[in-house]
Amino acid sequence: MSTSFTEQLRSANESQWQKITQHEFTKKLASGTLPPQNLKRYLLNDHLFLDSFIILLSTMVSHARTLSDRIPGCQFLGLITSSENNYFEDTFTSLNVTPTERSTYKMEKVAQDFINIMKEASSTGSLSCCLAVLCVCEWSYLEWGTIASKTSKVKDQPNFQRWIDLHSGEYFESVVGYLRGLLDEEEKAIGEEERAKVEDLFKRTVDLEVDFFDMAMRES
């Protein structure tokens, strides 16, 4: 049985991929030992590129080839703009993050780099390029989220458990399967130049995910 395109992309970045899925941040999140200041820094920066992520996902949906290919993306977009955004708002309140602090917060470089790569992928007008970035973001999170859901000691701590729940379970597995399936199918339609671009975007996004967790765990 031949290896799928998405599996090939992941295998080419396996060392960095493992750094995402086995990161200290996710382990501390699941154990309930993540300091509030680290969660706060992580969420403030993550929320700053949520708009760019929505644009990227919307662009992917608009370039999907059929209605049946668009519908799951639209449904996931609905979750991002409701349940996930609600989590941010509720957790900011719980962490006593004021509207002023949010509006004046200076984003970390890695957050700006995420915005840039999402905009870059969106601007290509290429379905495969959009999917390259989306697959890394969602697939890597599914892996650590699944691990965290099995080891979680934070069932009574919604700031932690809700984030784990958003990135694990049957529905999120279906989202990742959907995104990977589209990219695997697109491999048949792209040439060498576009394939190289997909490989580059995938690798750079993996590296950014590692850098983002490292930033969140920084002591100061």
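The structure is a predicted model, in which local features need pLDDT of at least 70, side-chain atom pairs count only at pLDDT 80 or more, and totals for chains, interfaces and linings use all residues. Residues are numbered from 1 along each chain as its sequence is written, and side-chain values use heavy atoms, with hydrogens and water left out.

In the unreviewed UniProt entry, the annotation "binding site" covers D46, E84 and E138; such annotations may be inferred rather than shown by experiment. These residues span 93 residues in sequence, yet no two of their C-alpha atoms are more than 13.6 Å apart, so they gather at one spot.

E84 lies in helix α6, residues 67-94, where helices are DSSP runs of H or I with at least four residues, numbered from the N terminus. E84 is buried, with a relative accessible area of 9% (buried means under 20%, with a 1.4 Å probe and protein chains only). Leaving aside neighbours within four places in sequence, E84 is in contact (heavy atoms within 4.5 Å) with L50, L79, W163, L166 and H167.

E138 belongs to helix α9, residues 127-151. E138 is also counted as buried, at 7% relative accessibility. Apart from residues up to four places away in sequence, E138 touches F53, F76, F172, V176 and L179.

In α4, the residues L39, L43, L44, D46 and H47 meet N85, Y87, F88, E89, T91 and F92 in α6.

Notes. Helices (H or I, at least four residues) and strands (E, at least two) are DSSP runs, numbered from the N terminus. Buried means under 20% relative accessible area, exposed over 50%, partly exposed in between (1.4 Å probe, protein chains only).
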